[in-house]
Amino acid sequence: MKSECDEKKYITEHEFDEHIAIVKDWTDTFIHDTGDAPTYYIRTFGCQQNDRDSELAAGILEEMGFRPGASPEASDVVLFNTCSVRANADNRFYGHLGSLKPIRKGGRPLIGVFGCMMEQDIHVNAVKRTFNYVDFILGAGTARVLPYALSQTLLSDRTKRNTIDLTDWRGLGDDTSLPVWRADPHRALVTIMTGCNNFCSYCIVPHTRGREQSRSYEMIVEESRRAVACGAKDIMLLGQNVNSYGNDLRRRGEVDAPTFATLLREISHIEGLWVVRYMTSHPKDLSDELIEVIRREPRIESHIHLPLQSGSDRVLRRMNRRYDSAHYLNLVRKLRSARDGITITTDLIVGFPGETEEDFEATLRVMEEAQFDAAFTFLYSPRVGTPAADWYEESHEEIVRKRFQRLVEYQNECSLASNKKLEGQVVEVLVDGFSRRDETILSGRTHDDRLVNFSGLLTSSFTCQECSPNEVVVPHEVNRGDVVQVLIESAGIYSLDGKLIQDN
Ligand code: SAH
Ligand code: SF4
Ligand code: F3S
């Protein structure tokens with residue numbers, strides 16, 4: 001684990017531009033010699049915070065002359081953006097990294113690793129020792145260091161097999177000015193704050209992402225406006241605990257720094273936006289002011305993700321969550337009366353060290369009362385450096401698996417019942433594109449964040465009139481980014497099926 005006091009080195013905005021220019025020279029020569037642009041492939045693990053960092057990395061690579069590659073094998077640069085939140089995220093990364101060994105020939109593709117795992121010495125050392133064909137490693141949230149890493153790598157002799165370690169480097173400047181490459185231009189991820197101050201006893205995030213840092217209100221609003229001008233209909237405001245937005249600014253003397261509720265209301269007023277989403281809300285910080293804004297502003301999503309983690313007050317105390325089940329259920333009641341039909345989703349951890357049958361039953365009771373519309377359920381995973389990891393006993397694994405199964409079965413019943421309520425109704429859906437499983441079916445999300453698959457025709461791809469005003473838009477039935485009306489015909493646990501009844 002790297003300590004907060006580890007000395008950091010900083011790249012100024014001017015140096016960032018210089019590094020971009022160096023790599024651009026290299027890509028120009030590449031294009032001149034081969035006739036093609038060099039390609040990149042980014043594999044992203046973990047949360048939306050990482051998705052956002054990968055969008056920035058892709059934007060910077062595009063700016064330097066790279067283009068997306070179809071696969072790691074077919075690309076000149078391969079990047080891994082890692083997550084450390086549970087053991088299976090670590091393991092999947094190592095599996096993917098290992099599978100690159102046979103395809104790496106003559107120093108190609110270049111391989112870079114960044115993200116949360118690279119904020120922990122144990123993983124940095126493992127990569128350097130076992131996977132010495134990795135060219136460079138960076139920390140988390142360090143898109144501004146990427147051009148430096150590439151310039152160093154491209155200018156050095158890559159047959160020497162040493163990994164360039166830039167995990168102590170950070171970039172200066174706000175992200176608003178960075179280029180960004182969005183796979184779905186109608187959806188924009190906007191980071192409002194980084195880091196976390198909560199230190200839940202099971203969680204690695206505060207150790208990998210550092211303390212809470214709110215971005216400036218003006219920058220967030222400007223970035224959101226720009227995204228909407230470029231076609232974004234759905235904005236997702238990101239932070240590990242969005243409800244504490246601005247606390248650090250206020251502590252530093254900006255006494256009038258706006259609250260999250262104010263920020264959310266402002267973003268919801270941007271003309272052209274269909275929905276503003278936000279995650280994650282910590283139950284201890286969900287204010288009445290925010291609930292009031294949710295009540296009044298129709299463009300704020302009819303959904304909230306509110307992680308419960310456990311329904312046992314004893315376990316919640318040991319998790320250092322700083323609320324109890326009564327407080328949580330009170331929030332559920334307030335939210336349901338503030339917004340008719342709001343969906344409430346949650347995260348639950350099963351098998352937290354010391355969890356008894358009684359604790360587990362308490363979680364089921366809270367689930368019965370809350371009637372979650374969906375839940376992400378996790379088996380507790382010990383994370384080195386967190387207090388709970390020292391309390392972990394492997395011997396309970398079998399019992400914990402049985403509890404997990406019971407919990408998932410109960411949640412599936414609740415999710416299905418929630419989705420069934422929509423059968424026969426017409427709902428608005430923001431079109432994302434083809435369904436992942438079937439290329440003849442379209443898919444999208446409702447305002448309350450349900451996944452809908454429906455029949456229809458996708459006839460032209462997304463074009464932004466702002467960015468490419470001369471582009472001819474062919475008359476179409478449905479475009480990515482359209483909001484359409486869908487009749488729901490049948491409901492499943494994870495999604496709804498329906499048919500398009502009207503093109504907007
Ligand atoms: N900041 C967010 C999300 C953090 S990580 C929040 O506070 O809700 C996403 C989820 O991963 C958490 O809500 C938690 O349910 C789960 N999680 C985190 N650490 C875990 C661990 N060590 N074992 C199992 N699940 C974990
Ligand atoms: Fe982890 Fe808790 Fe922070 Fe969420 S609030 S990131 S679970 S420490
Ligand atoms: Fe994972 Fe880091 Fe996000 S540990 S969940 S990628 S903040």
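Predicted model: local features only at pLDDT ≥ 70, side-chain atom pairs only at ≥ 80, totals over all residues.

**Stop 1: the whole chain**

Zoom out and show the cartoon. The protein chain has 14 helices and 23 strands. Its C-alpha trace spans about 65 × 60 × 50 Å along the principal axes. A compact globule with 504 residues would have a radius of gyration near 23 Å, and this chain has 23 Å, so the two agree. Of those 504 residues, 53% count as buried.

**Stop 2: ligand 1**

Select ligand 1 and everything around it. Which residues come closest? There are 15 residues surrounding ligand 1, and the closest are R86, Q240, Q309, D347 and S381. Now colour β15 (343-350) and β16 (374-379): each of these strands supplies at least two residues of the shell around ligand 1. By type, that shell divides into 7 nonpolar, 4 polar and 4 charged residues.

Next, zoom in on the polar atoms. The side chain of D347 has a polar atom 2.6 Å from an oxygen atom of ligand 1. Q309 does something along these lines too, with a polar side-chain atom 2.7 Å from an oxygen atom of the ligand. At S381, look at the backbone instead: an N or O atom there lies 2.8 Å from a nitrogen atom of ligand 1. Taken alone, ligand 1 exposes 540 Å², and the protein buries 89% of that.

Why does ligand 1 lie between two domains? Colour domain 2 (182-301) and domain 3 (305-421) separately: both give residues to the shell around ligand 1, so the ligand lies between them.

**Stop 3: a closer look at Q309**

Stay here and click on Q309. You'll find Q309 in the loop between β14 (303-305) and α11 (313-318). Buried or exposed? Q309 is buried, because its relative accessible area is 7%, and the cut-off for buried is under 20%. Its backbone deserves a look as well: phi of Q309 is near 75°, a positive value in a residue other than glycine. As background, most residues other than glycine have a negative phi.

Slide along to N320 for another such case. Phi of N320 is near 60°, again positive in a residue other than glycine. N320 sits in the loop between α11 and α12 (325-338). With 28% relative accessibility, N320 counts as partly exposed.

**Stop 4**

Go back to β16 and follow the chain towards α14 (397-420). T386 lies in the loop between them. Its relative accessible area is 2%, so T386 is buried. Show its side chain: a polar atom there lies 2.6 Å from the backbone oxygen of R383.

**Stop 5: ligand 2**

Now select ligand 2. Which residues surround it? They are C196, N198, F199, C200, Y202, C203, V205, P206, Q240, H282 and R321. This shell divides into 7 nonpolar, 3 polar and 1 charged.

**Stop 6: ligand 3**

Move on to ligand 3. Around it you'll see C47, N50, C83, S84, V85, C116, V205, R209 and Q240. The shell of ligand 3 divides into 5 nonpolar, 3 polar and 1 charged.

While you're here, click on Q49, which lies in helix α2 (residues 48-63). Q49 is buried, with a relative accessible area of 6%. Try the distance tool from Q49 to G95: their C-alpha atoms are separated by 22 Å, and the two residues are 46 apart along the chain.

**Last stop: two peptide bonds**

As background, most peptide bonds are trans. Now select R108 and P109. The bond joining them is cis, with omega near -5°. P109 is in the loop between α3 (87-98) and β5 (110-115).

Then jump to M279 and T280, where the peptide bond is also cis, with omega near 10°. T280 lies in the loop between β13 (275-279) and α10 (288-296).

Technical notes: Residues numbered from 1 in each chain as written. Chains lettered and ligands numbered in written order. Heavy atoms only, no water. Near = heavy atom within 4 Å. Polar contact = N/O pair within 3.5 Å; in protein donor to acceptor, adjacent residues only side chain to side chain. Areas by Shrake-Rupley, 256 points an atom, 1.4 Å probe, with all protein chains shown as cover. Helix = DSSP H or I, 4+ residues; strand = E, 2+ residues; numbered from the N terminus. Nonpolar A, V, L, I, M, F, W, Y, C, P; charged D, E, K, R; others polar. Domains from an automatic or database assignment. Rg over C-alpha atoms; globule rule 2.2 N^0.38 Å. Buried < 20%, exposed > 50% of the residue type's maximum accessible area, 1.4 Å probe, protein only.
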